[in-house]
Amino acid sequence: MMRSKLPFLLSFVLCLVATPLLAADPCTSPPKAKGPVEKLSPANAAGEELEGIGVSLGSWVAVKVKDLDQLRLEAKCASKKIIVYINGHAATGLVADGIRQSHPDTLYFRLWRTDIARPIWNEILSAPGFSHRKMDVTVGIDGQSPLPSPASGLDLKPLDEWSFGIAVLGFIGLLGVFFSLAMKTNVLRDSSPSDDAVPVIAGRLDPSISAGNRGTYSLARLQAAWWLFIILGAYLLIGIVTWDFYTSLSSTALILLGLSAGTVVGGAIIDASKATPEQKAAEASKAAELRRQIEQLADAEEYATLEAKRLDKLFGAKTFDAAEAARYNALTLHYGDVDKWLRSAGGLFAGIADIFELVRLGRPAAGSPEDARKKELNAKLPNNLNDLSELAVLIGLKPGAGTPEEAEMNALKAKVAAQLTPFLSLVPKHSDVEVQRTLAISRYRKLTGQSEAWFTDILSDANGVSLHRFQLFAWTAILGIIFIGASYRNLAMPIFDTTLMGLIGLSAGTYLGLKIPEATVPK
């Protein structure tokens, strides 16, 4: 009998013990915290509240909550954390769980940009400036509705003047050092000018000074520097705003740096492969020819002008004085065969050289080599210039009265009187001579490795501006500007899609591919 009652008694005792325990468990029916958040204020690490509502990333924030104990109990029972809500969005990863004994009704958290809540922070911090931005801040249990927040909110200042100033000074300092190196070394240039290069100063060769290290600027090296400083600037901006100096570099940034470095290396290898003895000899020969042309263009223009004035004087013009005659004789003596020299000075003077030679031949004996040369020139020149040249010869001979030569001279005068062309008008225009001089100087500088101007250097090969160089420059400039804008607007380095990255790679590949057959000696 006693044994049959024992299980019943044990069950009764256990019920008596368990009933108060179950009744004491607060999670059986936890209260619902309603808040609200009564006050938001910046604080220090010790939990002391600071004046105002202005904060920045890294600041401690104190959140005074009504009935905080109920909120903590509800979170504990739900096995969830009390997190921060910013502008109505859950800032997942930003946990408000700091408690100070002196402020039992206050939570504390540190204002950081978490990876999980990055989209929220990008919206808040985009296009950062020095002015404060209003933030609606509250707390709540993760996954539930946040508590009502105070109307005051917090004022976030994205950029700190001191941090920004230090970063800008550092960036400008690096940029200044780099530009100094760019001016004094070949960090942005292909190489130094050749040993026999003569600098061109104010349109004339000046062998009294050295060409130094002013080699031609390299498109590949400028591209590498462009991306280096764009990415460095974006890295510093993101860092001083978010204090994230570890994860801000994007895959696009690394690929761009790698592509530009590869283009530099590829270009250097191609240039080295072209530096053969035969190629160097061809370049030296063409450079010597262009040097002679540059040196003699001014003298050729002066001589052609003086010779034209001398011939026009035969027709009564008063434009050839004694000083000009002395200079004319000096040039004739210096160059000797002036007709050959004029033609070698450039194509502009070939036509006037034919006219001067025709006058100089005079009236050679029939069947002589001079007579054959005169007939050859007559065939090249138009009839009016042949008549003009012949008339100048006859006037210079001063034929006697009643002679056949006088009759011929008078007949030619009557023939050309209506369309008499001064010899001076046949001399090439100074502007045309300057164009030819500029072209010769440009080609000479390219051949001898001297810089013309950075923009001209990077877009040109030996024969002038090339499309593949312009293509690489254009896409690099455009995508660089896009990269800068996106980094500032989103406060994150952009990630270009595969199409854009393929375009950059294609431009670089086209540049290197067409650099192989690129001319080094102008046509």
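User: Why are H5 and H16 called roughly parallel to each other?

Analyst: This is a predicted model, and in it the axes of H5 (residues 219–242) and H16 cross at roughly 5 degrees, coming within 10 Å. Angles under 35 degrees count as roughly parallel, so H5 and H16 are roughly parallel to each other.

User: Which residues make that contact between H5 and H16?

Analyst: From H5 come Leu219, Gln223, Trp226, Trp227, Ile230, Ile231, Ala234 and Leu237. On H16 they meet Arg469, Leu472, Phe473, Thr476, Ala477, Leu479, Gly480, Ile481, Phe483, Ile484, Ser487 and Tyr488. By class, the contact of H5 with H16 has 15 nonpolar, four polar and one charged residues.

User: What makes H16 and H17 roughly antiparallel?

Analyst: Helix H16 (residues 467–490) and helix H17 (residues 498–515) pack at an angle of about 150 degrees, and their axes are 9 Å apart. Angles over 145 degrees count as roughly antiparallel, and H16 and H17 are therefore roughly antiparallel to each other. The crossing in which H16 passes H17 is left-handed.

User: Which residues of H16 and H17 make their contact?

Analyst: H16 contributes His468, Arg469, Gln471, Leu472, Trp475 and Leu479. H17 contributes Leu500, Leu503, Ile504, Ser507, Ala508, Thr510, Tyr511, Leu514 and Lys515. Sorted by class, the contact of H16 with H17 has nine nonpolar, four polar and two charged residues.

User: Why is H7 called oblique to H10?

Analyst: The axes of H7 and helix H10 (residues 350–361) come within 11 Å and cross at roughly 45 degrees. Roughly parallel needs an angle under 35 degrees, and roughly perpendicular runs from 65 to 115. The angle of roughly 45 degrees therefore makes H7 oblique to H10. H7 passes H10 in a left-handed crossing.

User: How do you know which residues of H7 and H10 meet?

Analyst: The test is heavy atoms within 4.5 Å. Tyr303, Ala304, Glu307, Ala308 and Leu311 in H7 meet Phe356, Val359 and Arg360 in H10. The residues of the contact of H7 with H10 divide into six nonpolar, no polar and two charged.

User: On to the pockets! What is the volume of the largest pocket, and what lines it?

Analyst: The volume of the largest pocket is about 1,100 Å³. Its lining has 42 residues, of which Ser191, Glu283, Lys446, Leu447 and Gly449 lie nearest the centre. Among the elements that each supply at least two lining residues are H5, helix H6 (251–274), helix H14 (430–448) and H17. The largest share, seven residues, comes from H7.

User: How does the lining of the largest pocket divide by class?

Analyst: The lining of the largest pocket has 15 nonpolar, twelve polar and 15 charged residues.

User: And what lines the second largest pocket?

Analyst: The second largest pocket has a volume of about 530 Å³. Of the 20 residues that line it, Phe179, Leu222, Ala225, Trp226 and Trp454 are the closest to its centre. Helix H4 (161–184), H5, H15 and H16 each supply at least two residues of this lining.

User: How many residues of each class line the second largest pocket?

Analyst: By class, that lining has 18 nonpolar, two polar and no charged residues.

Definitions and conventions:
Residues are numbered from 1 along each chain as its sequence is written. This is a predicted model: local features need pLDDT of at least 70, side-chain atom pairs count only at pLDDT 80 or more; totals for chains, interfaces and linings use all residues. Side-chain values use heavy atoms; hydrogens and water are left out. Axes are lines fitted to C-alpha atoms, for helices over the stretch in contact, and angles run from 0 to 180 degrees between N-to-C directions. Helices (H or I, at least four residues) and strands (E, at least two) are DSSP runs, numbered from the N terminus. A crossing is left-handed if the near helix is turned anticlockwise from the far one by less than a right angle, and right-handed if clockwise. Ala, Val, Leu, Ile, Met, Phe, Trp, Tyr, Cys and Pro count as nonpolar, Asp, Glu, Lys and Arg as charged, and the others, Gly among them, as polar. On a 1 Å grid over the protein atoms alone, a cavity is a set of points where a 1.4 Å probe fits but cannot get out, and a pocket is an open set with protein on both sides within 12 Å along at least five of seven lines; lining residues have an atom within 4 Å of a point. Grid points are joined across faces, edges and corners, and a volume is the space filled by probe spheres set on the points.
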